[in-house]
Amino acid sequence: MVVASCLAAGVAGAQEGPQKLRTVQLRAGMQNITAEVAMTDRERAIGLMHRTQMGTHEGMLFVFERPGVQCFWMKNTLIPLAIAFIDDDGTIVNTDEMKPQTLDSHCSDRPVRYVLEMNTGWFKKRALGSGSKLTGSPFAATR
């Protein structure tokens, strides 16, 4: 799923089923989000690959060691996803929609450390976009 530095395709290709990672609770206005946290190169490379469904308020938060222009693709990802690129303080920089099993690159408009993937249309349906704020422990820790 993630191509931020073109992570090792061999590592992601060896994965045969979805991974299950620890979760964190986030909020976007009145919306509660349960997000799995991908922190290592391997976890980020696999991302949400091989999943056939995801709950309405479930997603995956990708955490990078330092800010950078983050780019994602949808190789081996079976469900359509919405993506938000997020500043250290939880402010959404930009969002995009991604189609399953494509190699199109979806990138942050500027360097960020956080990326949140949700089901397609999730951000749009809730009028969340550039400038909207997310809260939760990952963002509180960076203030």
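Select strand β5 (residues 81-86) and then β6: the two run antiparallel and are joined by six bridges. Strands here are DSSP runs of E of at least two residues, numbered from the N terminus, and two strands pair if DSSP finds at least two bridges between them. Within this pairing, Ala-82 stands opposite Glu-97 of β6. The model is a predicted one, in which local features need pLDDT of at least 70 and side-chain atom pairs count only at pLDDT 80 or more, while totals for chains, interfaces and linings use all residues. Residues are numbered from 1 along each chain as its sequence is written, and side-chain values use heavy atoms, with hydrogens and water left out.

Remain on β6 and select Asn-94, which lies in this strand. Is Asn-94 buried or exposed? Its relative accessibility is 9%, so Asn-94 counts as buried (buried means under 20% relative accessible area, exposed over 50%, partly exposed in between, with a 1.4 Å probe and protein chains only). Display the backbone of Asp-109 next: the side chain of Asn-94 reaches its nitrogen at 2.9 Å. Beyond its neighbours within four places in sequence, Asn-94 is in contact (heavy atoms within 4.5 Å) with residues including Ile-83, Phe-85 and Cys-107.

Now colour the whole sheet. It is open, with seven strands in the order β6-β5-β8-β3-β2-β1-β9 and mixed pairing. Strands β6 (92-98) and β9 (134-136) stand at the edges with a single partner strand each, so one side of each has no neighbour in the sheet.

Move to β3 (residues 58-68), which runs parallel to β2 (residues 31-38) and is joined to it by five bridges. Select Met-60 in β3: it stands opposite Glu-36. Towards β8 (residues 112-119), β3 pairs in the antiparallel sense, again over five bridges, and there the bridge partner of Met-60 is Glu-117.

Finally, display the aromatic rings. Five aromatic pairs are counted, where rings of Phe, Tyr and Trp (its six-membered ring) pair if their centres lie within 6.5 Å; planes under 30 degrees apart count as stacked, over 60 as edge-to-face and the rest as tilted. Phe-64 and Phe-72 form an edge-to-face pair, 6.4 Å centre to centre with 90° between the planes, and both residues are buried. Select Trp-122 and Phe-123 next: their ring centres are 5.3 Å apart and their planes at 85°, so this pair is edge-to-face. Trp-122 and Phe-123 are both buried. To end the tour, select Phe-62, Phe-64, Phe-72 and Phe-85, which form one aromatic cluster.

Definitions and conventions. Helices (H or I, at least four residues) and strands (E, at least two) are DSSP runs, numbered from the N terminus. A polar contact is a pair of N or O atoms within 3.5 Å; within protein, one must be able to donate a hydrogen and the other to accept it, and residues adjacent in sequence count only if both atoms are side-chain atoms.
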